[in-house]
Amino acid sequence: MKLKVCGLTKLNQIEELISLNTNFLGFIFYEKSPRYVLNSLTLKEIKSVKHHGKVGVFVNETIEQILEISAKTELNFIQLHGDESDEFISELRKKLSHEIKIIKVFRIGTELENLKFKIQNLKSEVDYILFDTDSKSFGGTGKSFDWQILNDLEINKPYFLSGGISEENIENIKFLNQKPFVLDINSKFEIDPGNKDLEKIKKFKNHLV
Ligand SMILES: O=C(O)c1ccccc1NCC(=O)[C@H](O)[C@H](O)COP(=O)(O)O
């Protein structure tokens, strides 16, 4: 399983995570997040990060903004974390460079009825799925959802698992029929929002081998 560390805001921590072979680096471009990256880093600084797994996280952002930010920062993945429609994704795909992959987020809350249908009818324009816990703040809550729900789904794309992943619950991965392609960690590995606890991340990485 691969690892994504999301909500990065510090260049020295990013460099250390790269040296630890972290597979995906998540940058949040959502102003309301306490991990909004542009409060700490410039577009140029994000561009200067040399890595093939740079993920930009967007919440109900316009296509123009996504295109502008991804071009200026040289993102490799666009994570759509809001309520983006199929039409929006198709439009974005047409305009986005084909080297950039799209991750569509499914936030899991109490509304489970349409989930099966949505996953089965997912547009081919989507390259990866990410499952997170639903909340008013969209993400970064540190709360996990009931992973058993995933065992009732036919997941036809590689998926990222997120939402409160920590050393305490990682063992439960063994109960999943289809294993995640990537584990996405965030607030459970922070000293404060955007400031990662690298020692804790190093320790966690031992669970992935
Ligand atoms: O982390 C945020 O502040 C955030 C805010 C709004 C949308 C997405 C956000 N994070 C995106 C992620 O991919 C997180 O890793 C994911 O939500 C899990 O976070 P956590 O529950 O803290 O492990």
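## Phe27 and the nonpolar core

In this predicted model, Phe27 is in contact with Leu8, Val37, Ile46, Lys54, Val55, Gly56 and Val57, leaving aside its neighbours within four places in sequence. Phe27 also belongs to the largest nonpolar core, which has 46 residues. Together with Ile78, Phe27 has the most contacts inside that core. Strand β2 gives the most to this core, with four residues.

In soluble globular proteins, nonpolar side chains tend to be buried together.

## Surroundings of the ligand

The shell around the ligand has 27 residues, of which Cys6, Gly139, Gly140, Asn186 and Ser187 come nearest. By type, the shell divides into 14 polar residues, nine nonpolar and four charged.

Two strands, β2 (24-28) and β8 (182-185), each supply at least two residues of this shell.

Helix α3 spans residues 63-73, and its buried residues are Ile66, Ile69, Ser70 and Thr73. These four lie on the same side of α3, because they cover an arc of only 95 degrees around the axis. Among the elements that cover them are α2 (43-47), β3 (54-58), β4 (77-80) and α4 (86-95).

The face of α3 turned away from the buried side carries Glu64 and Glu68, which are exposed. Just after the helix, Glu74 takes a positive phi of about 55 degrees.

How values were computed. Residues numbered from 1 in each chain as written. Predicted model: local features only at pLDDT ≥ 70, side-chain atom pairs only at ≥ 80, totals over all residues. Near = placed C-beta within 6 Å. Nonpolar A, V, L, I, M, F, W, Y, C, P; charged D, E, K, R; others polar. Core = buried A, V, L, I, M, F, W, Y, C linked by C-beta atoms within 7 Å. Buried ≥ 20, exposed ≤ 12 C-beta atoms within 10 Å, placed from the backbone. Contact = placed C-beta atoms within 7 Å. Arc of directions from axis to C-beta.
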